[in-house]
Amino acid sequence: HRAALVATNARRLGARVPVIVADACRPPLRPGSFDRVLLDAVVGLIREARRRTGKAIYLLAANRTAALALRAAHAWQGAGADAAGLGGLLLLHPRLYVQTPQGGEDGEYLPIVGRSRVPRYIFLPAQSSGRWHLQKLLDAFERAGSPAFAQMLPGVSDGFATRPDARPEELETTRKLPSMLVSALRALAAFGRAPPNVGAPA
């Protein structure tokens, strides 16, 4: 139904926008193909998963999709939805800068970093440039009233779990990732429901 509405509105605006309905876990396009993702689609997934399971839902996001997960969490809470429905976020080497910092720059975080109040657990490769800014990110989350955990992954770099040229150490870490995610879920579950939002979405 929503896909049809998007297609209809695109035609009305004279825009040539292909509309694809597919399994979000196995999209028929290569990774990194999308410039934008409809926020409503992610919030709809949370709502449907919550309805079907009756359990708290946790979002897993990597790299730049971490910002989308934060915005979806903000939208879910801002809509007055079931507060216990969203348990937290699992962020794998998140990129949350307005622009990637160069050299010794500190960098500026997206506004949503300080506005979405939901527990989060960060997995950061030890060979990622983001390791030098990890404490700053944790501090930003904490100022927003969001409990935040971080786990450094030794011997791996960004994208280790999906890169075709992964080194043996990265393949081993990928093999262990499911058990690490389970431990992270337990840590997040200990905090119960997420607190209210701060400010407007951005």
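I began with Ala-3, which is partly exposed at a relative accessible area of 26% (buried is under 20%, exposed over 50%, partly exposed in between, with a 1.4 Å probe and protein chains only). Ala-3 sits in helix H1, residues 2-12 (helices, H or I, have at least four residues and strands, E, at least two; both are DSSP runs numbered from the N terminus).

Before going on, I noted that this is a predicted model, where local features need pLDDT of at least 70, side-chain atom pairs count only at pLDDT 80 or more, and totals for chains, interfaces and linings use all residues. Residues are numbered from 1 along each chain as its sequence is written, and side-chain values use heavy atoms, without hydrogens and water.

What does Ala-3 contact, leaving aside neighbours within four places in sequence? I found Val-19 and Val-21 (contact means heavy atoms within 4.5 Å).

Next I looked up Ser-128, in the loop between strand E3 (120-125) and helix H4 (134-143). Is Ser-128 buried or exposed? Ser-128 is buried, at 5% relative accessible area. Beyond four places in sequence, Ser-128 is in contact with Val-156 and Asp-158.

Then I turned to the largest nonpolar core, which has 31 residues (a set of buried Ala, Val, Leu, Ile, Met, Phe, Trp, Tyr and Cys joined through side-chain atoms within 4.5 Å). Leu-59, Leu-89, Leu-96, Val-113 and Phe-141 touch the most other members. Helix H3 gives the most to this core, with 7 residues.
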